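Thanks for coming. Please look at the sequence and the model first.

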Amino acid sequence: SVKCPLPGTVLSVKVAVGDTVAAGQTLVVLEAMKMENNIDAERGGVVKSIHVQKGATVMEGDLLIVIE
């Protein structure tokens, strides 16, 4: 699972359920403290579920995406 590292607003979700992702691939772009932050995959796999959408406000530790 990919969790939010800091509070912010989701600007975009770069993957869809069923996508195969590689380690280091950007999954979500988050705006926090007036900066864009890329949330990247720590490991490769297949996106099982997405728990956020564009415009959502997220807090530190919130579940963003599950990768199997």
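This is a predicted model: local features need pLDDT of at least 70, side-chain atom pairs count only at pLDDT 80 or more; totals for chains, interfaces and linings use all residues.

I start with a sheet: four strands form an open sheet in the order β5-β4-β2-β7, and the pairing is antiparallel. The strands at the edges are β5 and β7, residues 57-58; each has a single partner strand, so one side of each is left without a neighbour in the sheet. A word on terms: strands here are DSSP runs of E with at least two residues, helices are runs of H or I with at least four residues, and both are numbered from the N terminus. Two strands count as paired if DSSP finds at least two bridges between them.

Residues are numbered from 1 along each chain as its sequence is written, and side-chain values use heavy atoms, with hydrogens and water left out.

Back to that sheet. Strand β2, residues 8-13, pairs with β4 in the antiparallel sense over four bridges. Within that pairing, Val10 stands opposite Leu30 in β4. On to β5, residues 35-40: six bridges join this strand to β4, and the two run antiparallel. Val28 has Ile39 in β5 as its bridge partner, and Val29 stands opposite Asn38 in β5. β4 and β5 form a hairpin with two residues between them. Met33, in the turn, has a positive phi of about 55°.

How many residues of β4 are buried? Five of the seven residues of this strand, residues 26-32, are buried, so β4 is largely enclosed by the rest of the structure. Buried means under 20% relative accessible area, exposed means over 50%, and partly exposed is in between, with a 1.4 Å probe and protein chains only.

Now the other sheet. An open sheet of four strands has the order β1-β8-β6-β3, with antiparallel pairing. At the edges stand β1, residues 2-3, and β3, residues 20-21; each has a single partner strand, so one side of each is left without a neighbour in the sheet. β1 pairs with β8, residues 63-67, in the antiparallel sense over two bridges. The bridge partner of Lys3 in β8 is Leu63.

Taken as a whole, the protein has zero helices and eight strands. The C-alpha trace spans about 30 × 20 × 20 Å along the principal axes. For 68 residues, a compact globule would have a radius of gyration near 11 Å, and the protein has 11 Å, which agrees. That radius is taken over C-alpha atoms, and the globule rule is 2.2 Å times the number of residues to the power 0.38. Buried residues make up 32% of the 68 residues.

Next, the core. Which residues touch the most other members of the largest nonpolar core? They are Leu27, Leu64 and Ile65, out of 18 residues in this core. The elements that give two or more residues to this core are β4 and β8, and β4 gives the most, with four residues. A nonpolar core is a set of buried Ala, Val, Leu, Ile, Met, Phe, Trp, Tyr and Cys residues joined through side-chain atoms within 4.5 Å. Not counting residues up to four places away in sequence, Leu27 touches, among others, Val2, Val15, Val21, Ile39, Ala41, Ile65 and Ile67. Contact means heavy atoms within 4.5 Å.

Last, two loop residues. Ala41 is found in the loop between β5 and β6. Is Ala41 buried or exposed? Ala41 is buried, with a relative accessible area of 6%. Its contacts beyond four places in sequence include Val21, Gly24, Leu27 and Ile67. Ala41 and Val2 are 39 residues apart along the chain, and their C-alpha atoms are separated by 7.2 Å.

His51 lies in the loop between β6, residues 45-50, and β7. This histidine is partly exposed, with a relative accessible area of 44%. Leaving aside neighbours within four places in sequence, His51 is in contact with Leu63, Leu64 and Val66. The C-alpha atoms of His51 and Asp62, eleven residues apart along the chain, are separated by 8.9 Å.
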